[in-house]
Amino acid sequence: MVVGEIAESRDLVIIGGGPGGYNAAIRAAQLGLDVTIIEKGKMGGVCLNEGCIPSKVFAHAAKEYASVPNLSILGINIGEPTFDFHELMKYKDRTVAQLRKGVEALCAANKIEIIEGQATFTAENKIGVENGHQFDVYEFNHAIIATGSATIKPDFLPKQSDRVLFSDVIYNLDEMPQDLIVYGSNYISLEVAFSYHNLGANVTMILDETDDFSFDTSINRELKRILKKQKIKVHRGFKVEEVHASEDDVEVRLAKDGKEETLKGTHIYVATQHKADIAELGLERFGLKMTEDGLVETDAQMRTSLDKLFAVGDITEGTPSAVKAIKEGKVAAETIAGLNSEVDLTFLPTIVHSIPKIASVGLTEEEAVEAGCKVKTSQFANSGNSYAMITNEKSGITKIIKDEETDLLLGFHAIGAGAVELISTAVTALEMVGRDEDLNFPLYPHPSFNETILEAVEGLEEKAIHMPPPKKTAKV
């Protein structure tokens, strides 16, 4: 290793080139700052290279493959479809590479310096970067940590096996799993289960010691129906005691209420807990404040306890999400540039690219009741929507929750085609402290999935046109 004698000066240094990092970099460059990104891996981070983008490629492919048999009702007959796993992997790799090149080109266009290597803090205002035998030191005015999170693997797993899969490898396999066991109840677990099932794998889910998913009860009910319809078996409330992996398969021993059960498959996907990936940065020497969950403590401007140091993305408190990282990165950049900016994650949407998709924002009905609201809800089935009928995507519901005393909108929850695209309307309405009349007044395109929102909103006042009238209780 060669150690530089003089520290080079930099205005803003960002450690990590994922969604939080490169969005912060570009926003800072727009505001006139000279920006340097230090990245030890590939630009785009886990989201682009291993997570968000690959998972959505698989979800899209699975949806398209599953829809082929239904084309015959439109008079389109193409025979029995076949699926080539390796061709899908090639497409995924091309898509990721093209998007990564796009990020790199945007950074170059904004005159952002990218340095490859492992960063380590040598002082509160200095960073050393090791790349092979080279070690350079940079003194900075401000720094943003955007290194993402590291997985915490459960103790019951074997030390190493190609048949035990995590989020960083599940979309980078050499072969299609034949019998896939999915352990977990989060959005990644659902995407894995639905994608691989619709691509031809036999999928069994194990909910991680819970009896249900974390959505509104109406969404959970519809989700259970769809899982059953697609013949994805779900084991609820089980604890995994042991996973044994051989060269050819895996065996999972479950326990519930004193009873044991054993599942066998060719592979198992395991949802993991996460912690801030900052161990190699050496920040513990400078007293950086952390939360009890092992995340970096920040304020609403993403400042840490150390002067000049900001943190964004999965290393900070809140649900791990590219949406969260992007917003936090921009806010950190704007704060450093002297703007009055802050993060508010109250209406951070939850998005699941299952088949069909799930989107949620705001309070669930249960949360609204617990908060002391006088709750009124309305639920519209996609089967009553004309465009859902046209596209043969009739599964799903849209649910809206409001406070009956103030008419304030409290929550929006949807499962079905178009749910992800429609969630932006709900986020905007909630952010603007909207009431049901604010969604009832505008004009909605027809025919479209947008009308599911209108019908659900009108249903709050029993004005929905394509919804049966509520049953009246007979007077005694």
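**Aromatic pairs in a predicted model**

Visitor: Is Phe449 buried or exposed in this structure?
Guide: The structure is a predicted model. The relative accessible area of Phe449 is 13%. Because residues under 20% count as buried, Phe449 is buried.

Visitor: How many aromatic pairs does a search of the whole structure find?
Guide: The search covers the whole structure. The number of aromatic pairs found is nine.

Visitor: What is the geometry of the pair formed by Phe121 and Phe140?
Guide: The two ring centres are 6.0 Å apart, and the angle between the planes is 90 degrees. An angle over 60 degrees counts as edge-to-face. The pair of Phe121 and Phe140 is therefore edge-to-face.

Visitor: How many residues apart are Phe121 and Phe140?
Guide: Phe121 lies in strand 5 (residues 118–123), and Phe140 in strand 7 (residues 134–145). The pair links distant parts of the chain, its residues being 19 apart.

Visitor: Are Phe121 and Phe140 buried or exposed?
Guide: Phe121 has a relative accessible area of 1%, and Phe140 has one of 2%. The cut-off for burial is under 20%, so Phe121 and Phe140 are buried.

Visitor: Why is the pair of Tyr387 and Phe449 assigned its geometry, and what is that geometry?
Guide: The ring centres of Tyr387 and Phe449 are 5.2 Å apart. Their planes stand at 85 degrees, so the pair is edge-to-face.

Visitor: Where in the chain is Phe449, the partner of Tyr387?
Guide: Tyr387 is in helix 9 (residues 386–391), 62 residues apart from Phe449. Phe449 is in the loop between helix 11 (436–440) and helix 12 (451–459).

Terms used. Residues numbered from 1 in each chain as written. Predicted model: local features only at pLDDT ≥ 70, side-chain atom pairs only at ≥ 80, totals over all residues. Heavy atoms only, no water. Phe/Tyr/Trp six-rings, centres within 6.5 Å; stacked < 30°, edge-to-face > 60°. Helix = DSSP H or I, 4+ residues; strand = E, 2+ residues; numbered from the N terminus. Buried < 20%, exposed > 50% of the residue type's maximum accessible area, 1.4 Å probe, protein only.
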